[in-house]
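The entries follow in the order in which I made them.

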Amino acid sequence: MDSTSRKKLFKLKSLIFVFASLFSLPIFAGTLNFDFVRTSTLTNVDDAEGRWQFSGGKVYLSGNHVGYFVSKKRVSFGASPVNRAALETTIIWKYGDHNITVQGTHYFGTGTEQGSVSATSSAFSYLKDANVSGTHQHLTFTY
Amino acid sequence: MKLAKSLTLATLALGLLGIGSITGSYLALSTIDFNSLEQRISQVENRSTLGVLADEIKLLKQRFDELEVNITSHQDISPLSQSDYSNSLADLEVRQSKLETEFYSLFSEQELQAESDPLSTEVVNTQDDNNDQVYASREQLQAGIELLDQASLSGALDNASMDQLNIIVEQLDRESKKRFWERMFADLQAGKYQLPDKDSAADYYELPNSEVVGE
């Protein structure tokens, strides 16, 4: 094989490697910021083991009303030293049968929340396992 | 004895002639294939100079140019077969086409160039992609984006369009869903339109007293 053919072969192999490399490059992280405005009365329901705390309201994206949320927190006397509740918040999309559920914890000391997306409807499946952090009024999804 | 020697020489000559003709035809075919491949490579190279990946391609090509000098001086590359090259190239063209339609179409070139901060470690697995599904999903995504374009222009997203979008989004693959929602979220954040107030499929109701109200 002469050097011209060898060069052509190498160029071709290089090109293949370039494209293969492109598809293994990390893709860009996305973020999504939702604001939560409670419209129902925050309700505490006590029992022998601890307390349920229920709330619900509207979800906004940069001031645009995009859905509603339903949230419940479970406080256990067994975990009282950490001053945190197990949290589950479901965002119900305003239009269509779409939803996103976040599970994590709520810290009563500062109102901060940490967790991830644990379930979604099919339309939002790309958000599954997204990291979620913020407060009960504002959550950032990083996926 | 002479006859046997002549026969052996004749057989050898015929054998050599046969091998020569086979090799010749193979080489001729190879040259044609290589010329054709070269044209296709340059086409793919031309297409790949668009958008956000241009810089990465450029950098990688610089590295390969350096490597090429090293390797051609040492003469130690192991050539792949013709079919390997053809198949790889065809695969590249499919991926490149997918990249252009699913990625480039959603962003302007400036936006693509500005995206240069890789934060996620998620890797797109293109090995298992079913081409038919990818193409179908791409078409659906395009239809969805067109509806969003119309809404952006008119400044309103009506119930009929939203119903259509809900159907479309269910048919998209994971990556296309991501692209679709990213586009819609960007539009909503930019205030180009708002979601309709009432879901045409939903009823307003008082607090339910059973799992299916009205049963």
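Entry 1, the side chain of Asn33(A). I looked up its polar contacts, a term I use for a pair of N or O atoms within 3.5 Å, where within protein one atom must be able to donate a hydrogen and the other to accept it, and residues adjacent in sequence count only if both atoms are side-chain atoms. The side chains of Asn33(A) and His138(A) are joined by such a contact of 3.4 Å, and a polar contact of 2.6 Å joins those of Asn33(A) and Thr140(A). I note that this is a predicted model, in which local features need pLDDT of at least 70 and side-chain atom pairs count only at pLDDT 80 or more, while totals for chains, interfaces and linings use all residues. Residues are numbered from 1 along each chain as its sequence is written, chains are lettered from A and ligands numbered from 1 in the order in which they are written, and side-chain values use heavy atoms, with hydrogens and water left out.

I placed Asn33(A) in strand E1, residues 31-38 of chain A, taking strands (E, at least two residues) and helices (H or I, at least four) as DSSP runs numbered from the N terminus. The C-alpha atoms of Asn33(A) and Thr140(A) are separated by 4.5 Å, although the two are 107 residues apart along the chain. With neighbours within four places in sequence left aside, I found Asn33(A) in contact (heavy atoms within 4.5 Å) with Tyr60(A), Leu61(A), His138(A), Leu139(A) and Thr140(A). Asn33(A) is partly exposed, at a relative accessible area of 27%; buried means under 20%, exposed over 50% and partly exposed in between, with a 1.4 Å probe and protein chains only.

I found His98(A) in the loop between strand E5 (84-93) and strand E6 (99-107) of chain A. Is His98(A) buried or exposed? Its relative accessible area is 2%, so His98(A) counts as buried. Its side chain makes a polar contact of 2.6 Å with that of Asn166(B), and, not counting residues up to four places away in sequence, the residues that His98(A) touches include Trp93(A), Phe124(A), Val169(B) and Trp181(B).

Of the 143 residues in chain A, 44% are buried.
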